[in-house]
Amino acid sequence: MRHDLVVIVPGIMGTSLLHEGRDVWDLSPGALAGLLRPGRLRGRLVLREGIGDDDPEGESTLTPGAMIEAPRVLPGFVSHLGYRDLLAGLDIQPPERLAVFRYDWRLSNRNSAAKLRTFVERRLALWRERIDRSRHPDAGDPKVVFLCRSMGGLVVKYYLECLGGREITRTVATLGTPHQGSAKAIRFLTGRVVPGTPPWISEWLAEICGTFPSLGQLLPSYRAVMTASPRPRPLNATGIADRLSLPTAMVDDMFRFHEQIRNDRIRNDQAGRPGYRLVPLGGHGLRTVHGVSVVGDRITFLDSFDESGDWQGDSTVPTISATPAELESTVYTHWFPFRHATLANEAPVLAALREICQSVDVRRYLASDAEFAVDLPDFAVAGEPMEITAPDADPALRLSARLLSQDGRQVLPGVPLRPDGQGGLRCELRAPAGLWTLEVRSRKRGVGHRDAVLVTGADASGPAPG
């Protein structure tokens, strides 16, 4: 309702992590070089073995800073374009009605949920004291509307079901939340090379990020592994984790995490505790890794289990995972044809979120003209071509690709996508080193897709420095 407190919970890389006031998690090409060389920067990011749900100690203790507004990318896993558009597009008034939960997203989602409980209880008490009763005479006791980006939805679900948050919650909107995990986490955490990403970058990032409990909790809890069996199998099936080189403890913790939420939700429902309105929003229509095939010694990542076309997604989170398990069917999710990186930044989604904050039906905002899909790289080498493709796109859309700097300025001329002879469109771009926003847009309809791409220097394709 119009008087409720709105709390934004960002996802991975959504909050800056500070040491002595400096953001230590910034994958610009220069910072990436610091990550790949042994030293203090890497030591501050790596968490101790067996940290579980605890806080870090010593030099790995980092302070959550501001919510990230510029693009960020984890090559081969996830990217986002920052939260500047989201903050501006919501236009929550008065400003005290909006709260942003800043947290160390490396840590277990249980740990973050406990911190969220303290944060929300304090901010809601302040808002209830400050609310203008002359403007909101029917306010009663305001509750909380959660807007959750990606992994932030898992933090919120654990808080609601396991830590008593249902009592003060009215609505939960999840944007691209991997409710059942993401198969891309398997590839990332095992250091398996994504096409176009130098192997040593994948290996070093997997070594660092493999110490983050939160990333382990993003492994898929659905049946994501194809073997000689006719049906997909879960990651905790006998021998599967070992064959994928995933730590068994990490896989077991992920299943316990989801089981805790599910069992506590059932107990809460049976006890008649207050419920909340759950509004999942997800991206669809884009090629998305759904699972992995393990046959003999051959490991292959899959973007489809069958020919039905149901195994699509937002390029990071498959449709089956963007829908909470308690809703039983993807029909209950509000779908938008946008990539994971930009889902929280596009005008139709922002319009829907504004209405969610006001408790108005969002269905009239779901129509979109952006009915084309694109494949975009998230990593490239300076001066070498980046291929951009739009399978099955109509040439009449007049698609063009361009690179934008972090402040949103176009710094290189746009390049039109031409027919590729196979029913789709394609083009190539080259860029200097930097962190860019890559945009493919229809000049005819004014709609498109955006994602972040990290371009390293030409010497970045060599071995990791010692």
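Analyst: A residue counts as buried when its relative accessible area is under 20%. In this predicted model, cysteine 209 has a relative accessible area of 1%, so it is buried. The residue belongs to helix H7, which covers residues 199-209.

The surroundings of cysteine 209 draw on several parts of the chain. Setting aside neighbours within four places in sequence, cysteine 209 is in contact with Trp25, Leu74, Phe188, Leu189 and Leu215. Arginine 106 is 103 residues away from cysteine 209 along the chain, yet their C-alpha atoms are separated by 7.9 Å.

Two of these contact partners, Leu74 and Leu215, also touch isoleucine 12. Isoleucine 12 is itself one of the residues that touch the most other members of the largest nonpolar core, a set of 84 residues; Leu116, Phe146, Leu219 and Leu235 are the others named. In soluble globular proteins, nonpolar side chains tend to be buried together.

Elsewhere in the chain, five strands make up an open sheet of mixed pairing, in the order S15-S22-S21-S17-S18. Strands S15 (379-381) and S18 (415-416) are at the edges with a single partner strand each, so one side of each has no neighbour in the sheet. Strand S17 (residues 399-404) runs antiparallel to S18 and is joined to S18 by two bridges; alanine 401 is placed opposite valine 415 in S18.

Definitions and conventions:
Residues are numbered from 1 along each chain as its sequence is written. This is a predicted model: local features need pLDDT of at least 70, side-chain atom pairs count only at pLDDT 80 or more; totals for chains, interfaces and linings use all residues. Side-chain values use heavy atoms; hydrogens and water are left out. Two strands pair if DSSP finds at least two bridges between them. Helices (H or I, at least four residues) and strands (E, at least two) are DSSP runs, numbered from the N terminus. Buried means under 20% relative accessible area, exposed over 50%, partly exposed in between (1.4 Å probe, protein chains only). Contact means heavy atoms within 4.5 Å. A nonpolar core is a set of buried Ala, Val, Leu, Ile, Met, Phe, Trp, Tyr and Cys residues joined through side-chain atoms within 4.5 Å.
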